[in-house]
Amino acid sequence: MSGSSPFQMRLVHLDLKGAPPKVSYLSEIFPLFRDLGANGLLIEYEDMFPYDGPLRLLRARHAYSPSEIKEILHLATLNELEVIPLVQTFGHMEFVLKHKALAHLREVALFPNTLNPHEAESLALVGAMIDQVMDLHPKARWLHVGCDEVYYLGEGEASRRWLQQEQNTKAKLCLSHVKAVASHVLARHPATMPLLWDDMLRGVPEDQLTASGVPQLAQPVLWDYGADLDVHGKALLMEKYQKCGFSRLWAASAFKGATGASQALTPTEHHLRNHVQWLQVAASGPADVLQGIVLTGWQRYDHFSVLCELLPVGIPSLAVCLQSLLHGGFAEDVKARVENFLGISSLNITGFTRSASTCTAPWTSYCRGTVVSNVSFQTCILKLHEAALPAAWGPLACGFALRYVTGWFSPYHRRRKLIHPVMIQHIQPQALSLLARWSALAGELEAALQRVFYPDAVDEWLEENVHPSLRRLRQLLQDLGEAAGAQAPQASPGPDPGPEP
């Protein structure tokens, strides 16, 4: 099913450090991945992996059990999806180094994101993590070891002392740790090739990268999620990596989670452009250089950030991107295929697709139907103090006299309980109606979220996207009631005696 795609492997990235799906949902969505053109998965477990022994403290509350990992792998096999596990081993180590018992292994004591490469215990730690993951993935042909965005490398006390020695550089320090990690993988799991993100390699001079020995031990994944990526620059970077001795290269695009830390709805057009340009990159080099492409779907920017687009919300974008890779572009016939796969009558590339009310595909359980298209804007249902609501709020905001709120019941009025009595009649009935509809919709959304995600993810998403709006609307009604009471007619003091003579 390769079509005209230059990418032999097309991997869907599952970022489990935020809102990890239940296995039951994965059983529904894996067949769609396959049908859309994916033939592999890059699973970034983070704290969802069932680490054991001294590493047990890394587990999230709802971490998958070993039997669930085996079930995920079984489901992947049934759907012809090859699984590549990802274990962070250098940067993005927050889920490990946030723990007090492991905080002494931080590169910089204050920051939990980067591992101290000078400590022997650091390599032992990531080696143990790798071995436990590989024990449950014994057939994995590749293991991704992360190594991206190694912030503050060289700023720790041990690194500063090391860098004072002649000929020592940050690049050499980075490559030394990468080489140690890759060597561990190959020594313990000789049939498994390490992959790593390429950003820490880009600025390393060719001679240093060649001499490091890393090109013989791993394969780089060139990542760029922009809609206007530099095609020529990527071609030159691929040429550099080939000269350094890397046997194969990989690409990484994004189908969601790359346009804003708090993005709630996926801008499909942006991601389509990203993939079209990766097709141009692939066409600019030898046909056999790129082993495959990872379609990343980030769920958080890092362990401590808010959730961005949930996986089901990004499915239309994923469908567009996968089909474009499979068929070499996005023409009308590809658009029709995507609409057929998703069970929708009209795919909106420039806006946000709504599903047909009769669609029963698993991705529509809440994601792109009327519910989230109207709910998930991070700015909430009501911007009570702006001149207009976002257009996508239409069905909820229709008829609500926002101009009466902004014009006659501003924060100034609300603090002083001032309102023209006629404005109560304009605002209160519609605000009550809006609250009733919003509350019902929130309940529907919560039930749909619970079907896909674990309770902590449901609670987090609702607290970020729904509850603030409900509180805001209820506070408006409370303020309105108090202002109405203050404006009630008072007992007459009697006739005006008129002016003094």
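Colleague: How do the residues of the lining of the largest pocket divide into nonpolar, polar and charged?

Modeller: The model is a predicted one. In it, the lining of the largest pocket comprises 11 nonpolar, four polar and seven charged residues.

Colleague: What volume does the largest pocket have, and which strand gives the most to its lining?

Modeller: The volume is about 410 Å³. Strand E5, residues 111–115, gives the most to the lining, namely three residues.

Colleague: What makes Leu73 a residue of the second largest pocket, and which others line it?

Modeller: A lining residue must have an atom within 4 Å of a point of the pocket. Leu73 is on the list, together with Ala76, Thr77, Leu81, Glu82, Val83, Leu136, His137, Pro138, Lys139, Ala140 and Arg141. By class, seven of these residues are nonpolar, two polar and three charged. The space in this pocket is about 260 Å³. Helix H2 (66–78) and strand E3 (82–86) each supply at least two lining residues, and the largest share, three residues, comes from H2.

Colleague: What caps the N-terminal end of H8, and what follows just after the helix?

Modeller: The cap is Asp230, which has a side-chain oxygen 3.2 Å from the backbone nitrogen of His232. Just after H8, Gly245 has a positive phi of about 110°.

Colleague: Which residues of H8 are buried, and what do they pack against?

Modeller: They are Val231, Lys234, Ala235, Leu237, Met238, Lys240, Tyr241 and Cys244. Their partners are helix H7 (206–212), strand E8 (219–223), strand E9 (249–256), helix H9 (268–283) and strand E10 (290–297).

Colleague: Why is Ser324 called buried?

Modeller: The term applies under 20% relative accessible area. Ser324 has 0%, and is therefore buried. Ser324 belongs to helix H10, residues 315–327. Beyond its neighbours within four places in sequence, Ser324 is in contact with Leu272, Leu279, Gly329, Phe330 and Val334.

Terms used: Residues numbered from 1 in each chain as written. Predicted model: local features only at pLDDT ≥ 70, side-chain atom pairs only at ≥ 80, totals over all residues. Heavy atoms only, no water. 1 Å grid on protein atoms, 1.4 Å probe; cavity = no way out; pocket = protein on both sides within 12 Å on 5 of 7 lines; lining within 4 Å. Points joined across faces, edges and corners; volume = space filled by probe spheres on them. Helix = DSSP H or I, 4+ residues; strand = E, 2+ residues; numbered from the N terminus. Nonpolar A, V, L, I, M, F, W, Y, C, P; charged D, E, K, R; others polar. Buried < 20%, exposed > 50% of the residue type's maximum accessible area, 1.4 Å probe, protein only. Contact = heavy atoms within 4.5 Å. Polar contact = N/O pair within 3.5 Å; in protein donor to acceptor, adjacent residues only side chain to side chain.
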